[in-house]
Amino acid sequence: MNLFDNPGGEMLVKAMLKLETEEECRAFLEDLMTGREIADCGQRLWVAKLLDQQLVYSRIAEITGASSATISRVNRSCTYGPGGYAVVLERLKEETNRNG
């Protein structure tokens, strides 16, 4: 079953695409998720960035506080997943390069 093949999943994707500013995104995520969920998602994205930079698990754990299980899970998604991390990380790099 597709994770987004239901009314709530479809609405979630459409809602994310409607956000226009960082402030709107922060407000939506804070309404939608618990503080712990936001922290966990942020940590996973940070881990993905460090994996993309070819850091070893032990260094990533030291920097982020993520468990080896979390790092492994993120690495598996980066390697075998649908490519979401890669798209986001590339766009963040592009933005950083444009803004100096």
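Mentor: What follows covers the helix crossing, then a threonine and the cysteines. This is a predicted model, in which local features need pLDDT of at least 70, side-chain atom pairs count only at pLDDT 80 or more, and totals for chains, interfaces and linings use all residues. Residues are numbered from 1 along each chain as its sequence is written, and side-chain values use heavy atoms, with hydrogens and water left out.

Helices here are DSSP runs of H or I with at least four residues, numbered from the N terminus. Helix α3 (residues 35-52) and helix α6 (residues 84-99) have axes that come within 10 Å and cross at roughly 75°. Axes are lines fitted to C-alpha atoms over the stretch in contact, and angles run from 0 to 180 degrees between N-to-C directions. The angle makes α3 roughly perpendicular to α6 (65 to 115 degrees). On the α3 side, R44, L45, A48, K49 and D52 make the contact (heavy atoms within 4.5 Å), and on the α6 side Y85, V88, L89 and K93 do. By class, the contact has five nonpolar, no polar and four charged residues (Ala, Val, Leu, Ile, Met, Phe, Trp, Tyr, Cys and Pro count as nonpolar, Asp, Glu, Lys and Arg as charged, and the others, Gly among them, as polar).

R44 also touches T70: leaving aside neighbours within four places in sequence, T70 is in contact with Q43 and R44. T70 lies in helix α5 (residues 68-80) and counts as buried at 14% relative accessibility (buried is under 20%, exposed over 50%, partly exposed in between, with a 1.4 Å probe and protein chains only).

The count of disulfides (pairs of cysteine sulfur atoms within 2.5 Å) is zero. C41 has its closest cysteine sulfur in C25, at 11 Å, too far for a bond. For C78, the nearest cysteine sulfur is that of C41, 14 Å away. C41 is partly exposed at 39% relative accessibility, and C78 is partly exposed at 35%.

Note on methods
Helix = DSSP H or I, 4+ residues; strand = E, 2+ residues; numbered from the N terminus. Parallel < 35°, antiparallel > 145°, perpendicular 65-115°, else oblique.
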